[in-house]
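Hi,

Here is the structure I promised to pass on. My notes follow below it.

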Amino acid sequence: MKKLIIDCDPGHDDAIALMLAIGNREKFDIQCISTVGGNQILEKTTNNTLRLLELMDVNIPVVAGRDKPLVRALEIADSVHGDSGIDGPDLPVTKKRALDENFINTYARLLDALDPDEKMTFVVTGPQTNMALFLLARPEYKDKIEQIVFMGGACFGGNWSPKSEFNIYVDPEAAQIVSTSDIPIVMCGLDVTHQATINQDEIEYFRNSGSQCGLVIAEMLDFFSETSTPEFRREQEGKKIRLHDVTAIAYLLSPEIFETRELYYEVDLSESKIMRGATVIDYGNVFGKAANGCICFDIDRAKFIQLIKDAILRLP
Ligand SMILES: [Ca+2]
């Protein structure tokens, strides 16, 4: 069974990513969920995580990570995710609390507890601040990390600037530390997440699934569809909502449904309004450098949606 630490900033698509992971607990041993300031402030992303675990009726340790990027001021995405970070559904209130522990110590403790032949997989679906801080503080643990699968970046085009994707834009310095870590990296960027769409018929399937989690997915996407898709695109494409963060968990479940390429990338650390936080992917291998990422470009959309449907059947 794959041991996972999920680092996230829920967030509508983070929430569905957590459902996909927790609906597959026969495959994933989720050791901990850490939170970060990103889509909303840390207090809200942590609270949302705890309430989602209450909804799913599971006990998984949650630890709050860093509340702001390494060197820059936090910019949140409340225009997309709302004031709570997951506007739309009424998530259950909970008595669950985050661990009273520094997240770096939590990560180290969990990596220390691995068997000698075991490694940990990290899934990062928010800004990469926590991952970078851990690698800076405890570089000796790199060998215990099997891979880092993240949602973020893009080869062709952005969503927070013409070239930058939100997660990387928020903390480019953190993403650059991760990119140079020599740990195997899988990037689920906008190139693939723009293919990982859900349509209105599928949303209605979840609404009528008879499952609490299915209903929450539908109610989240009712809100998210209005804020995450500009009107011109809805007119062009119809209502197709991109389930960005969910792809990172889907990759671990079914890598064979993805099209990938091994490529070199680095992160633009400038103040440029266009380029800040762009993942510059050397698609033509102009630099001739060794690949440092497995970059996802396409996904079998029908199989992707089926993974979510299957997971929901195993959740309340
Ligand atoms: Ca996220």
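The mean positions of the 32 positive and 49 negative charges of the protein chain lie 1 Å apart. Lys and Arg count as positive, Asp and Glu as negative, with His and the chain ends not counted; each charge is placed at NZ of Lys, CZ of Arg, CG of Asp or CD of Glu.

Some housekeeping: this is a predicted model, where local features need pLDDT of at least 70 and side-chain atom pairs count only at pLDDT 80 or more, while totals for chains, interfaces and linings use all residues. Residues are numbered from 1 along each chain as its sequence is written, and side-chain values use heavy atoms, leaving out hydrogens and water.

On to the overall fold. The protein chain has 13 helices and 12 strands (DSSP runs: H or I of at least four residues for helices, E of at least two for strands). Its C-alpha atoms fill a box of roughly 50 × 45 × 40 Å along the principal axes. Of the 316 residues, 58% count as buried, meaning under 20% relative accessible area with a 1.4 Å probe, protein chains only.

Cheers

How values were computed: Buried means under 20% relative accessible area, exposed over 50%, partly exposed in between (1.4 Å probe, protein chains only).
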